[in-house]
Amino acid sequence: MSKAPSIVPLAIYGITALLALVTLLDFALPGTVYTEEVTRVQKKKQRYYNAGGNSHNSYEVVTPKHQFSVEEDIAKSAEGKSMSYTVSLLFQEVNSYSILPSQDRSIYSFRLVSGFVLPLLLLLAIGIKFRFKKDLSILLFVLQLLVVGNFIWLLFW
């Protein structure tokens, strides 16, 4: 006879699944669209000490209302131009951006991972655990920690 699962793990799965759904919805829903002039582009040299070359450059676009990371090619062509970008409803994170008049939208890769891929992986793993009765306890624990940490990071930073 199979033992019924305890209520505590089910509650933890439910809470983390809810956090993942909120994060996923915040990324998927259309946010506020801003069209602003780029005031400046900041180039920062990121230094670290490993075998990979010890540094790389990161670029940020600064507008009157927001400051956000962009790719190098966009940073080089954005100075003094207008940009259209979308800010999420709940976390106020920049989801996508484009230099006007182009309609090609780019999505910030970190936002894609933190707002879409990570929550989706957790929901998929929970679904597999309960649908196919697979033991994914270590994977679920790691994904739950990542989703909770990501949610806290999105709320406070």
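Visitor: Which hand does the crossing of H1 and H4 have, left or right?
Guide: Look for the two helices H1 and H4 where they cross. A crossing is left-handed if the near helix is turned anticlockwise from the far one by less than a right angle, and right-handed if clockwise. For H1 and H4, the crossing is left-handed.

Visitor: What kind of model are we looking at?
Guide: Residues are numbered from 1 along each chain as its sequence is written, and side-chain values use heavy atoms, with hydrogens and water left out. Local features need pLDDT of at least 70, side-chain atom pairs count only at pLDDT 80 or more, totals for chains, interfaces and linings use all residues, and what you see is a predicted model.

Visitor: Which word describes how H1 lies to H4?
Guide: Helix H1 covers residues 7-28 and helix H4 covers residues 137-156 (DSSP runs: H or I of at least four residues for helices, E of at least two for strands, numbered from the N terminus). Their axes come within 10 Å and cross at roughly 50 degrees (lines fitted to C-alpha atoms, for helices over the stretch in contact, with angles from 0 to 180 degrees between N-to-C directions). Angles under 35 degrees count as roughly parallel, over 145 as roughly antiparallel, 65 to 115 as roughly perpendicular, and the rest as oblique. That is why H1 is, relative to H4, oblique.

Visitor: Which strands are the edges of the sheet of 3 strands?
Guide: This open sheet has the order S2-S3-S4, with antiparallel pairing (strands pair if DSSP finds at least two bridges between them). Each edge strand pairs on one side only, and these strands are S2 (40-47) and S4.

Visitor: By how many degrees are neighbouring strands of this sheet turned?
Guide: Follow the order S2-S3-S4 across the open sheet. With direction ignored, neighbouring strands are turned against each other on average by 35 degrees.

Visitor: What is the bridge partner of Lys45 in S3?
Guide: S2 and S3 (residues 55-62) pair in the antiparallel sense over 8 bridges. Lys45 has a bridge partner in S3, namely Asn57.

Visitor: Which strands stand at the edges of the sheet of 4 strands?
Guide: The order in this open sheet is S1-S5-S6-S7, again with antiparallel pairing. Two strands each have a single partner strand, so one side of each is left without a neighbour in the sheet: S1 (32-37) and S7 (106-107).

Visitor: What is the bridge partner of Val33 in S5?
Guide: S1 and S5 (residues 82-87) run antiparallel and are joined by 6 bridges. In S5, Val33 has as its bridge partner Thr86.
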